[in-house]
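Please open the model in your viewer and keep the selection panel at hand. The stops below go from one selection to the next, each with a note on what is there.

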Amino acid sequence: MPRTETYIGFLRGINVGGKNKLPMKELAAMMIDAAYTDVSTYIQSGNVVFRAKAGPNQSLQRQISNAIEKRFGFACPVVVRSAEELAATVRNNPFHKKGSNENELHVMFLADEPTSEALSKLDPQRSPGDEFLVRGKDIYLRLPNGVARSKLTNAYFDSKLNTTSTARNWRTILTLLEIAIRQ
């Protein structure tokens, strides 16, 4: 029997401003229909924890995105991390280790690891007061003035790094890791 792993899918751009509505109950049903197991969703912003045959994240990202488009009629970028990868993301947060206010902490998950050439295009002073650090396929953010005031947006990072990103706040990330560990 093939080995399975627990994964977390981060959907981008759903249920925001009345656009791309995707009820989590229907997302869970779609995932089950697509042969994923132990499916759990968390809050309406598009977080799904599931078990699947162990394999490359990019393949899962494509499969889930294609299934959403087929079933719900809109394109939805999806970024996937294994439970082990998410645990490493939590362990490696440089801003959490500095003792920052957890309400200021976010992580942007990248679909692909950026090249060093792409990384060189990032401006550390783009959003004064805010900080970011790219480690592999994660961008750690400390946003003391809040997400809404930051110029460190998905659009900025996507254009500079030539990939897809989606962000979550620290509390959501910790909760998703707890759910994944329980599976």
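The tour begins with how to read the model and then moves through helices, loops and aromatic rings.

**Before selecting anything**

This is a predicted model, in which local features need pLDDT of at least 70 and side-chain atom pairs count only at pLDDT 80 or more, while totals for chains, interfaces and linings use all residues. Residues are numbered from 1 along each chain as its sequence is written, and side-chain values use heavy atoms, with hydrogens and water left out.

**Stop 1: helices α1 and α2**

Select residues 24-33 for helix α1 and residues 57-72 for helix α2; helices here are DSSP runs (H or I, at least four residues), as strands are (E, at least two), numbered from the N terminus. Two packed helices are described by the angle between their axes and the distance between the axes. The axes of α1 and α2 come within 11 Å and cross at roughly 115°, where axes are lines fitted to C-alpha atoms, for helices over the stretch in contact, and angles run from 0 to 180 degrees between N-to-C directions. From α1, the residues that make the contact are Glu 26, Leu 27, Ala 29, Met 30, Met 31 and Asp 33, and from α2 they are Ile 64, Ala 67, Ile 68, Arg 71 and Phe 72, contact meaning heavy atoms within 4.5 Å. These contact residues divide into eight nonpolar, no polar and three charged; Ala, Val, Leu, Ile, Met, Phe, Trp, Tyr, Cys and Pro count as nonpolar, Asp, Glu, Lys and Arg as charged, and the others, Gly among them, as polar.

Now centre the view on Leu 27, which lies in helix α1. Leu 27 is buried, with a relative accessible area of 0%; buried means under 20% relative accessible area, exposed over 50%, and partly exposed in between (1.4 Å probe, protein chains only). Not counting residues up to four places away in sequence, Leu 27 touches Leu 11, Leu 22, Thr 41, Val 48, Ile 68 and Phe 72. Leu 27 and Arg 71 are 44 residues apart in sequence, and their C-alpha atoms are 9.5 Å apart in space.

**Stop 2: two loops**

Select Ala 35 in the loop between α1 and β2. Ala 35 has a positive phi of about 80° although it is not a glycine, and it is exposed, with a relative accessible area of 63%.

Next select Ile 43, in the loop between β2 (37-42) and β3 (47-53). Ile 43 is partly exposed, at a relative accessible area of 41%. Leaving aside its neighbours within four places in sequence, Ile 43 is in contact with Met 24 and Thr 172. The C-alpha atoms of Ile 43 and Thr 172 are separated by 8.8 Å, although the two residues are 129 residues apart along the chain.

**Stop 3: helix α3**

Which residues of helix α3 (residues 83-91) are buried? They are Ala 83, Leu 86, Ala 87, Thr 89 and Val 90. Seen down the axis of α3, these buried residues fall within an arc of 155°, so they line one face of the helix; the arc is that of the directions from the helix axis to the C-beta atoms. On the other side of α3, Glu 84 and Arg 91 are exposed.

**Stop 4: aromatic pairs**

Rings of Phe, Tyr and Trp (its six-membered ring) pair if their centres lie within 6.5 Å, and planes under 30 degrees apart count as stacked, over 60 as edge-to-face and the rest as tilted. By this rule the count comes to five aromatic pairs. Tyr 7 and Phe 50 form a stacked pair, 5.9 Å centre to centre with 25° between the planes. Tyr 7 lies in strand β1 and Phe 50 in strand β3, so the pair ties together parts that are 43 residues apart in sequence. Tyr 7 is buried, with a relative accessible area of 1%, and Phe 50 is buried as well, at 0%.
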